[in-house]
2 protein chains.
Amino acid sequence: MDPLGFEHHDHRHCVHAALAAAEAHCARHRLNLTPVRRRVLELLLEGHRAMGAYDILDHLRAEGLGAQPPVAYRALDFLVSHGFAHKIERLNAFIACTHPETDHTPAFLICRGCNAVAEAHAEPTRGMLGRAAAEAGFEIEQAVVEALGRCPNCRKAEEAPCA
Amino acid sequence: MDPLGFEHHDHRHCVHAALAAAEAHCARHRLNLTPVRRRVLELLLEGHRAMGAYDILDHLRAEGLGAQPPVAYRALDFLVSHGFAHKIERLNAFIACTHPETDHTPAFLICRGCNAVAEAHAEPTRGMLGRAAAEAGFEIEQAVVEALGRCPNCRKAEEAPCA
DNA sequence: ACTCCATATGTTATGGTATAACAACAGTTG
DNA sequence: CAACTGTTGTTATACCATAACATATGGAGT
């Protein structure tokens with residue numbers, strides 16, 4: 001397990017840092033990072049991959065933080081709507097944001113081998129799509145950009161099947 | 001109802017033309033455009049918008065063409081895998097392709113006012129996303145590009161609330 | 001004609017994702 | 001304290017999708 005940038009890194013550290021950043025952000029913006037919401041963000045950060053709402057719910061249940069789907073979905077809605085997490089439409093799953101604070105339109109690279117997800121940056125209002133939208137008189141408010149393919153690790157594994 | 005390019009057009013004609021084109025393509029490529037598959041494509045073309053699998057299924061049922069979900073899903077799988085239709089991940093719905101034959105990576109403009117969907121063309125392997133993927137060593141095989149926003153008609157309606 | 005095989009359809013059952021609707025409670029503001 | 005806002009808890013249900021197996025249908029080869 002070493003997704004996101006498809007590289008290894010100090011995971012323990014990044015979880016804590018992201019959590020602290022989220023807390024600071026919420027304090028600054030008068031947002032209520034309740035125990036459930038905080039824990040869901042932590043779970044997403046720890047998992048460091050796309051997780052289904054019911055995966056999350058299983059953890060919450062085990063910890064006595066809520067037993068019904070709406071509990072998980074509400075926490076996820078909060079995180080997504082404030083930019084702490086994103087939904088991967090293609091997977092019906094959620095993932096912690098790797099650069100919150102930064103105003104960004106996320107794009108995802110989803111590996112079909114290991115399901116790792118890396119977050120990149122897109123500018124949907126530019127390029128061909130932006131031009132097409134402008135021509136059609138369409139106002140883009142939000143965009144889902146998800147590329148499916150194979151991450152470097154899985155490509156390597158396929159070329160050199162030494163396992 | 002006048003989606004796709006967000007403009008009015010001779011709908012009757014485009015349904016027939018698209019259906020004829022699909023038939024020709026299937027004949028040429030030895031694909032089996034069975035009654036169910038043909039009818040599902042026709043429904044998508046007639047509806048001219050994103051339709052859920054169960055919407056489709058309701059029609060099929062009413063026409064005695066199949067009563068269970070797999071019937072609809074299988075026909076949709078066929079159409080999608082041969083490029084006659086696309087799945088809109090964001091809506092969990094399907095839409096007829098507006099330019100089959102052409103080899104293309106579809107991108108969609110989805111209006112949150114009227115749910116109309118226009119199909120544009122994207123080149124995910126270029127631009128920022130392509131660069132990010134190349135840097136990460138990620139090989140893009142397929143891409144989902146879906147922009148949400150407001151179509152010209154709904155924008156107009158909002159500015160001049162004369163209804 | 002008959003068997004074999006591939007493809008397509010039919011059906012049952014189930015699994016996975018998501019939300020509506022309402023009840024209860026906490027904090028805070030006037 | 002009363003009214004309000006926001007959060008959580010719970011029930012119930014709706015919606016989306018597929019696994020698994022049974023049944024047909026239509027060639028290809030003999």
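Tutor: Helices (H or I, at least four residues) and strands (E, at least two) are DSSP runs, numbered from the N terminus. This is a predicted model, in which local features need pLDDT of at least 70 and side-chain atom pairs count only at pLDDT 80 or more, while totals for chains, interfaces and linings use all residues. Residues are numbered from 1 along each chain as its sequence is written, chains are lettered from A and ligands numbered from 1 in the order in which they are written, and side-chain values use heavy atoms, with hydrogens and water left out.

Chain A gives some background. It has six helices and five strands, and their order along the sequence is α-α-α-α-β-β-β-β-α-β-α. The C-alpha trace of chain A spans about 50 × 45 × 30 Å along its principal axes.

Now the spaces. On a 1 Å grid over the protein atoms alone, a cavity is a set of points where a 1.4 Å probe fits but cannot get out; a pocket is an open set with protein on both sides within 12 Å along at least five of seven lines, and lining residues have an atom within 4 Å of a point. A volume is the space filled by probe spheres set on the points, which are joined across faces, edges and corners.

Two cavities of 30 Å³ or more are present in the structure. The largest cavity has a volume of about 40 Å³. Its lining consists of Ala18(A), Leu41(A), Leu45(A), Phe84(A), Ala96(A), Cys97(A) and Pro100(A). By class, this lining of the largest cavity has seven nonpolar residues, no polar and no charged (Ala, Val, Leu, Ile, Met, Phe, Trp, Tyr, Cys and Pro count as nonpolar, Asp, Glu, Lys and Arg as charged, and the others, Gly among them, as polar).

The second largest cavity has a volume of about 30 Å³. Around it are Ala18(B), Ala22(B), Leu41(B), Leu45(B), Phe84(B), Cys97(B) and Pro100(B). Helix H1 (11–28) and helix H2 of chain B each supply at least two residues of that lining. For the second largest cavity too, the count is seven nonpolar, no polar and no charged.

The pockets come next. The largest pocket has a volume of about 680 Å³. Of the 36 residues that line it, Val80(B), His86(B), Lys87(B), Pro106(B) and Gln142(B) lie nearest its centre. In chain B, at least two lining residues of the largest pocket come from each of helix H3 (53–62), helix H4 (69–81), strand S1 (85–88), strand S2 (93–96), strand S3 (106–111) and strand S5 (139–150). S5(B) has the largest share, with seven residues. The lining of the largest pocket holds 16 nonpolar, 12 polar and eight charged residues.

S5(A) gives the most to the second largest pocket, seven residues. The lining of the second largest pocket divides into 12 nonpolar, eight polar and six charged residues.

To set the linings side by side: the largest pocket has eight charged residues, the second largest pocket has six charged, and the largest cavity and the second largest cavity have no charged residues.
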